[in-house]
Amino acid sequence: MSNNVTLTVEGNRAYVTLDRPDKHNGLTIEMLNELVRVAGEIKGRDDIRAVILSGNGPSFSSGLDIAKAMSNPLAIAGNFLPLPWRGTNTFQEACWAWRRLPQPVIAVVHGRCYGGALQLALAADFRFVTPDSEFAVMEAKHGLIPDMSGAATLSRLVGIDQALLLTMTADPVDASYAQRIGLVTEVCADPRAEAEKLVDRIAARSPHAVASAKKLFDRSWEAGLRRTFGIERATQLPLILRQALGRDRKDNK
């Protein structure tokens, strides 16, 4: 169990915090598994009406800690395989588990929100961010593609040209640009306070209606998520193998 993901329940809301501030909350495989576990714990609690997801320290998260993850190839291989009843592997479920919750999830973002962290934030229902926050689909810098449910969430939020632009360049974008293309919900000086206000408004409605609305839109917005996740895995695997064999380094010489 990782101690770098904390769950605190206060009243009718759950606060899930990435807590590895000295590494800008770089995500480890242990943290991904803990995100899945925490989401499962929240799912069964009727007293929780909403979830606020945030990061401790200078950033929401700088994304997957590639160096730490690559130090244990067996762990990557084991967590890359999908569970058949779920249709996702651990990397995907660490993000998509928040879409599966009946409760609305609000990501409160500041500082860096790169790579896997962006995919985690995109899997929330809403994203409230500070004006100085930065976003990047960072995987191309490592010779990879977004494969933590990002293909599904990006397709719902931005057009294909913007999705390709973000993915192919891996360039960071600021909060203003992110809001303009639909990547974030709201840019505000105090996103935590705005998230709390939204929870108050949602909590005034029927929990069943809120849960049903979330389910309705998630299931009807587009079909074929299982196929999307399969395509992510099939596209990523050769890239991982190329990295492991050092072929990209040879090609770039």
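Which residues does V187 touch, not counting residues up to four places away in sequence? In this predicted model, they are V129, T130, P131, A175 and Q179, where contact means heavy atoms within 4.5 Å. V187 lies in strand β9, residues 186–187. With a relative accessible area of 26%, V187 counts as partly exposed, because buried means under 20%, exposed over 50%, and partly exposed in between (1.4 Å probe, protein chains only). The C-alpha atoms of V187 and S133 are separated by 9.1 Å, although the two residues are 54 apart along the chain.

A word on conventions before we go on. Residues are numbered from 1 along each chain as its sequence is written, and side-chain values use heavy atoms, with hydrogens and water left out. Since this is a prediction, local features need pLDDT of at least 70 and side-chain atom pairs count only at pLDDT 80 or more, while totals for chains, interfaces and linings use all residues.

Now step back to the whole protein chain. Its secondary structure comes to twelve helices and nine strands. The C-alpha trace spans about 60 × 40 × 35 Å along its principal axes. Buried residues make up 51% of the 253. Of the contacts with a separation of 6 or more, 74% join residues 24 or more positions apart.

For a look inside, follow helix α6 (residues 150–157), where G150, A152, T153, L154 and R156 are buried. Their cover includes α4 (90–100), α5 (116–123), α7 (160–169), α10 (207–220) and α11 (225–245).

E34 counts as buried because its relative accessibility is 5%. Its side chain makes a polar contact of 2.9 Å with the side chain of R37. Such a contact is a pair of N or O atoms within 3.5 Å; within protein, one must be able to donate a hydrogen and the other to accept it, and residues adjacent in sequence count only if both atoms are side-chain atoms.

Note on methods:
Helix = DSSP H or I, 4+ residues; strand = E, 2+ residues; numbered from the N terminus.
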